[in-house]
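Please look through the sequence and the model below before reading on. The explanation that follows is meant to be read with the structure open beside it.

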Amino acid sequence: MAESQQLRVQEAVDTMVKGLERENIRKMQGTMFRCSASCCEDTQASMQQVHQCIERCHAPLAQAQALVTSELEKFQDRLARCTMHCNDKAKDLMDAGSKEQQVKRQLESCVTKCVDDHMHLIPTMTKKMKDSLASIAK
């Protein structure tokens, strides 16, 4: 993928992830640490009970992190498939005898369209993740 296009996507995804971390994940981390601390304050609990309590406290955060990772992987896979399609079309054009400059222009145009299309998916993906994170945090 053209470097400038890759940078566009990377910056948009980074901004989204930072927002999710600041607005959702960080609150969940605070809740998890406070919950874990209260587990440790139970002097009547066995070591195993304390460990299980801490695991329960950590579960929502682990679920949230897995959700974000999964959504980002799906997004990257879709973008990669789109750019692979562009590469295949470019190879077919080269095999058919098209001029290299013309193929490069078409490849760049195709990749730019992939990036544009996927940039439009980011707000929807963000909303979906925020909704899912909110339901996990409850």
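The paragraphs below go through the helices, their packing and a few individual residues.

This is a predicted model, and the description can begin with its largest nonpolar core, which comprises 28 residues. Within this core, Val-13 and Met-16 are the members that touch the most other members. Two or more residues are supplied to the core by each of helix 1 (3-40), helix 2 (47-95) and helix 3 (100-137), and helix 2 makes the greatest contribution, with ten residues. If neighbours within four places in sequence are left aside, the contacts of Met-16 are Leu-72, Ile-122, Met-125, Thr-126 and Met-129.

The pairing of helix 1 with helix 2 may be taken next. Two packed helices are described by the angle between their axes and the distance between the axes. Here the axes of helix 1 and helix 2 come within 8 Å and cross at roughly 170 degrees; because angles over 145 degrees count as roughly antiparallel, helix 1 and helix 2 are therefore roughly antiparallel to each other. On the side of helix 1, the residues that meet helix 2 include Val-9, Val-13, Met-16, Val-17, Ile-25 and Met-28, together with Cys-35, Cys-39 and Cys-40. Their counterparts in helix 2 include Val-50, Cys-53, Ile-54, Cys-57, His-58, Pro-60 and Leu-61, as well as Leu-72, Phe-75 and Leu-79.

One of the residues in this pairing, Ile-25, has its place in helix 1 and is buried, since its relative accessible area is 9% and the cut-off for burial is under 20%. Not counting residues up to four places away in sequence, Ile-25 touches Leu-20, Leu-61, Ala-64 and Leu-133. Met-119, by contrast, is 94 residues from Ile-25 in sequence and 23 Å from it in space, C-alpha to C-alpha.

Helix 2 itself has 49 residues and reaches 68 Å from its first C-alpha to its last, which is close to the 72 Å expected at 1.5 Å a residue. Just after helix 2, Gly-97 takes a positive phi of about 95 degrees.

Helix 3 has 38 residues and spans 53 Å from its first C-alpha to its last, close to the 56 Å expected at 1.5 Å a residue. A bend of about 30 degrees is found in helix 3 at Ile-122, where again a proline, Pro-123, follows within four residues. Ile-122 is also one of the buried residues of helix 3, among them Val-103, Cys-110, Cys-114, His-118, Met-125, Met-129, Leu-133 and Ile-136, and the buried residues of this helix pack against helix 1 and helix 2. An α-helix has 3.6 residues a turn, so residues three or four places apart point the same way.

Which residues does Thr-126 touch, not counting those up to four places away in sequence? Thr-126 lies in helix 3 and counts as buried, at 15% relative accessibility, and the residues that it touches are Met-16 and Leu-20. The contact with Met-16 leads back to the core, where Met-16 and Val-13 touch the most other members.

Note on methods. Residues numbered from 1 in each chain as written. Predicted model: local features only at pLDDT ≥ 70, side-chain atom pairs only at ≥ 80, totals over all residues. Heavy atoms only, no water. Core = buried A, V, L, I, M, F, W, Y, C linked by side-chain atoms within 4.5 Å. Buried < 20%, exposed > 50% of the residue type's maximum accessible area, 1.4 Å probe, protein only. Contact = heavy atoms within 4.5 Å. Expected span 1.5 Å × (residues − 1). Bend = angle between axes of the 7 residues up to and from the residue. Axes fitted to C-alpha atoms, helices over the stretch in contact; angles between N-to-C directions. Parallel < 35°, antiparallel > 145°, perpendicular 65-115°, else oblique.
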